[in-house]
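Please walk me through the fold of this chain, from its overall make-up down to single residues. Keep it brisk.

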Amino acid sequence: MERHRATLRSCGVASDARSRPAFAMKAFTTPKKDGRTARLVLDARPLNDAMRRPPSMDLPRLRDFIAEVERHRFAMQCDGVSYFYQFPVDASISRYFGIGMKGCDMLLNVLCMGWSWAPCIAQRASNVLVRDLGLAWVDNFLVLGGTLDEAERNVAVFRKRAQAARVEVRAEGDDALWQVRSRFVCVGVEFDLAAETQRHRLDPAWAERWVDGSGMTAVLSGRATARQFAEVFGGAVWATDILAVPRCHFAALLSFAGRLGGRMVGAAAPVWDEVVDVPPSARRELGALRKIVRENPWVVGGVPEDTGSVLWTDASSRAWAALLEAEGRFVDGRQGVFAGPDADAHINLKEMLAFAEGVVRLCWAPGAQRCRIDNAAVVGAVAKGSSSSYAANRVLSRSLRVAGRRGIVLRPDWVPSGGQLADPYTRGTSLPRFPAQLPLPRSRATPFDLF
């Protein structure tokens, strides 16, 4: 901490406070990923609580980030040097950045890590630097190109912008600063753009740490601290996003995480070192995901061809219907009445059941399958691969496993109830007779077969 204090003074990042600052932030350090150095972080919660929430960061969604990278063949990667410290702030702002290092005798004159507005400001500045050239993830810059010449031209433009903005950047590791390559690791994702079809997977080093970490061992044993579970669960969310594994396959794990999170949020002072009992069902699902992450399969990018058909599904309080449209006419359909426990289910679950029946019974052609649903909750759950409902996750899991085995990628769209073509067939209208739909062989296996 003393070293950090001396460095802040010598670099002009911090100065002596002439009077007591309005907020005194406690300082602490966290290890950087190189394992040798530490990052100074300020506990700015009192300041953040006194301010309005910052606007959106404009940080690209991870899936959009990956898709954009995989539209190119070459990339140059670098990151900002002590990036937040490269943004000087006005005295009217810095007077709130008091640092509690052996007394509140210093003011930070730059963006501080811990202030809720700092990531937003840094990300928006980064977006300007890489506009029309590539992507930015806070202080990570990725300059892209479809060809080697285009990538090198974009790198030259980026260098001029960085120099004009007086932004200092450097490469990670010992490679040349402006080296253009086709295989690299960025924001925890390994990309291979040189393959016949661009592909990605988890950073192998991160995957190994998560799979064999002490937190994973504790959680799988059934007794772990809340902190250990939160860290493992956070990694699970990250891994499922990158490996494109729908989280609905882990309904019990999601349910337990939701209950634990709700208890922590509701507590006056969350006790992260409290030991919790992880239920067997959640451990089984985590073990299955651990096996997938250990294998760390490549995920092929690109957009599949459209199947040429549209699946319409709907449910009423009593019945469900699913129709398959192709070339402007219905070519197949199914309908039924809810019975047993399903008869008393929430309408959102009934809509999910109708969707599942449509996928399993009517969709066989591999490719992108368009789906028309008039229930926003179901559309959202299918799009992101999970629901807040345990029961809906179980139903959705079945649909996505079947779709995955048949090589189908589901593309849900919301339609207003008045435009739902399957609606009349949930309210007494009988479907016409359709020719028998013959099942097609499985096109490929998926990681979901582990369950």
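The paragraphs below go from the whole chain to a sheet, its helices, a hairpin and some backbone angles.

This is a predicted model: local features need pLDDT of at least 70, side-chain atom pairs count only at pLDDT 80 or more, and totals for chains, interfaces and linings use all residues. Residues are numbered from 1 along each chain as its sequence is written, and side-chain values use heavy atoms, with hydrogens and water left out.

The chain holds 14 helices and 20 strands. Both are DSSP runs numbered from the N terminus: helices are H or I with at least four residues, strands are E with at least two. Of the 451 residues, 46% are buried. Buried means under 20% relative accessible area, exposed means over 50%, and partly exposed lies in between (1.4 Å probe, protein chains only). Take the contacts between residues at least 6 apart in sequence: 73% of them join residues at least 24 apart. A contact means heavy atoms within 4.5 Å.

Now turn to the sheet. It is open and has 5 strands, in the order S18-S17-S16-S19-S20, with mixed pairing. Two strands pair if DSSP finds at least two bridges between them. Strands S18 (329–337) and S20 (408–414) stand at the edges; each has a single partner strand, so one side of each lacks a neighbour in the sheet. From one strand to the next, the twist averages 20°. Strand S16 (residues 306–315) runs parallel to strand S19 (residues 367–373), and 4 bridges join them. Leu 311 stands opposite Cys 371 in S19.

Helix H12 (residues 347–362) lies across S16, S17 (319–326), S18, S19 and S20, and runs at about 145° to S16. Axes are lines fitted to C-alpha atoms, for helices over the stretch in contact, and angles run from 0 to 180 degrees between N-to-C directions. H12 also packs against helix H14 (residues 390–405), at an angle of about 15° and with the axes 9 Å apart. The two helices are therefore roughly parallel, a label for angles under 35 degrees. In H12, the residues that meet H14 include Leu 349, Met 352 and Phe 355. Those of H14 that meet H12 include Val 395, Leu 396 and Val 402.

Helix H9 (residues 226–242) has 17 residues, which at 1.5 Å a residue should span 24 Å; its end C-alpha atoms are 24 Å apart, so the two agree. The expected span is 1.5 Å times one less than the number of residues. Among the buried residues of H9 are Phe 229, Val 232 and Ile 242. Just after H9, Ala 244 has a positive phi of about 55°.

Strands S10 and S11 form a hairpin with 2 residues between them. S10 (residues 183–186) runs antiparallel to S11 (residues 189–192), joined by 4 bridges. Val 185 stands opposite Glu 190 in S11. The covered face of S10 has Phe 184 and Cys 186, the uncovered one Arg 183 and Val 185. In the turn, Val 187 has a positive phi of about 45°.

Most residues other than glycine have a negative phi. Ser 82, not a glycine, has a positive phi of about 40°. Ser 82 sits in the loop between strand S4 (74–80) and helix H4 (91–94), and is partly exposed at a relative accessible area of 44%. Arg 166 also has a positive phi, near 60°. The place of Arg 166 is the loop between helix H6 (148–164) and strand S9 (169–170). At 75% relative accessibility, Arg 166 is exposed.

Note on methods: Angles under 35 degrees count as roughly parallel, over 145 as roughly antiparallel, 65 to 115 as roughly perpendicular and the rest as oblique.
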